[in-house]
Amino acid sequence: MNFLALTLLLSCLPSALIDFALPKWKADKNVRIEDAYKWTFQATRGGEHAVPDAESTRKWMMGEWDSLSTKSVAEPIWEPLCKGEEVGRLNLRPFKTRGGNADDLLEAFLASSREYRSTSDNFILAWNELGKRLEKRPAGNLTHRSWFALNLEMKDSNFPAIHHSKKYSEAAQPAYRIVTKTEMKKLLTLIK
């Protein structure tokens, strides 16, 4: 097992992942159960699901990149998804505002999708851990009832990647790529 995989395993174990993310979800009034699912999916599976092939990934990203504003926004450039910060969301607006290059980002995203490996079991364990916790106590807008309903729907589809909730999408207008900490550090050395 390589160092990245071992670090990921330890920092994104189901309990550690939920311990790290739950206070963040609770603090954000816009987070719904779909957003917690998406975070958990990305933390345990990376961004590989968004890479059918390099060319279509380039087209998808460039379309989003070209539509982004470079006005200053109050969002961090990097949002770790696990305590060990081995994987996270690189927010596109602050990256572009600071002079980031779309081609560099694409390469980092593709490299991250190749190097970050996990199994669906990791996601299911973390997702079920969230369900157990919500059964004891809701967290912000996250309830066991909403978890249970989404769990039934996703289980029938073999737990696929999903979109953010409408509420979160409208409020946060998320625009990011999932990258490893290694790739994020490389990208940040290239910008102001």
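At what angle do helix 7 and helix 8 pack, and how far apart are their axes? Helix 7 and helix 8 pack at an angle of about 150°, and their axes are 8 Å apart. The model is predicted, so local features need pLDDT of at least 70 and side-chain atom pairs count only at pLDDT 80 or more, while totals for chains, interfaces and linings use all residues. Residues are numbered from 1 along each chain as its sequence is written, and side-chain values use heavy atoms, with hydrogens and water left out.

**Overall architecture**

- The chain has 10 helices and three strands; helices (H or I, at least four residues) and strands (E, at least two) are DSSP runs, numbered from the N terminus.
- From the N terminus on, the order of the elements is α-α-α-α-β-β-α-α-α-α-α-β-α.
- Of the 192 residues in the chain, 46% are buried; buried means under 20% relative accessible area, exposed over 50%, and partly exposed in between, with a 1.4 Å probe and protein chains only.
- The chain exposes about 10100 Å², of which carbon and sulfur atoms supply 53%; accessible areas come from the Shrake-Rupley method with a 1.4 Å probe, and for residues only the protein chains shown count as cover.
- Among contacts with a separation of 6 or more, 78% join residues 24 or more positions apart; contact means heavy atoms within 4.5 Å.

**Nonpolar cores**

- In soluble globular proteins, nonpolar side chains tend to be buried together.
- A nonpolar core is a set of buried Ala, Val, Leu, Ile, Met, Phe, Trp, Tyr and Cys residues joined through side-chain atoms within 4.5 Å.
- The largest nonpolar core holds 32 residues, and W25, I33, Y37, W39, W127, L130 and L142 touch the most other members.
- At least two residues of this core come from each of helix 2 (14-27), helix 3 (33-45), helix 7 (120-136), helix 8 (144-156) and strand 3 (176-180).
- Beyond its neighbours within four places in sequence, L142 is in contact with L22, W25, V31, R32, I33, A36 and L134.
- Another core, of 18 residues, lies apart from the largest one, and its members include M61, W78, L110 and M184.

**Helix packing**

- Two packed helices are described by the angle between their axes and the distance between the axes.
- Axes are lines fitted to C-alpha atoms, for helices over the stretch in contact, and angles run from 0 to 180 degrees between N-to-C directions.
- The crossing of helix 7 and helix 8 is left-handed; a crossing is left-handed if the near helix is turned anticlockwise from the far one by less than a right angle, and right-handed if clockwise.
- In this pair, W127, N128, L130, G131, L134 and E135 of helix 7 meet H144, W147, L150 and N151 of helix 8.
- Helix 2 and helix 7 pack at about 55°, with their axes 9 Å apart.
- That angle makes helix 2 oblique to helix 7, because angles under 35 degrees count as roughly parallel, over 145 as roughly antiparallel, 65 to 115 as roughly perpendicular and the rest as oblique.
- The crossing of helix 2 and helix 7 is right-handed, and P14, S15, L17, I18, D19, L22 and W25 in helix 2 meet L125, A126, E129, L130 and R133 in helix 7.
- The axes of helix 2 and helix 3 come within 11 Å and cross at roughly 145°, and this crossing is right-handed.
- L17, I18, F20, A21, K24 and W25 of helix 2 make the contact with A36, W39, T40, A43 and T44 of helix 3.

**The loop between helix 2 and helix 3**

- K29 lies in this loop and counts as exposed, because its relative accessibility is 64%.
- K29 and K167 are 138 residues apart in sequence, and their C-alpha atoms are 9.4 Å apart in space.
- N30 is found in the loop between helix 2 and helix 3 as well, but N30 is buried, with a relative accessible area of 12%.
- Not counting residues up to four places away in sequence, N30 touches D35, N141, S165, K167, Y168 and A171.

**Other individual residues**

- Most residues other than glycine have a negative phi.
- N158, which is not a glycine, has a positive phi of about 65°; N158 is found in the loop between helix 8 and helix 9 (166-172) and is exposed at 63% relative accessibility.
- Q173 has a positive phi near 45°; Q173 lies in the loop between helix 9 and strand 3 and is exposed, with a relative accessible area of 52%.
- N151 is found in helix 8 and counts as buried at 10% relative accessibility.
- Leaving aside neighbours within four places in sequence, N151 is in contact with W127, N128 and F159.
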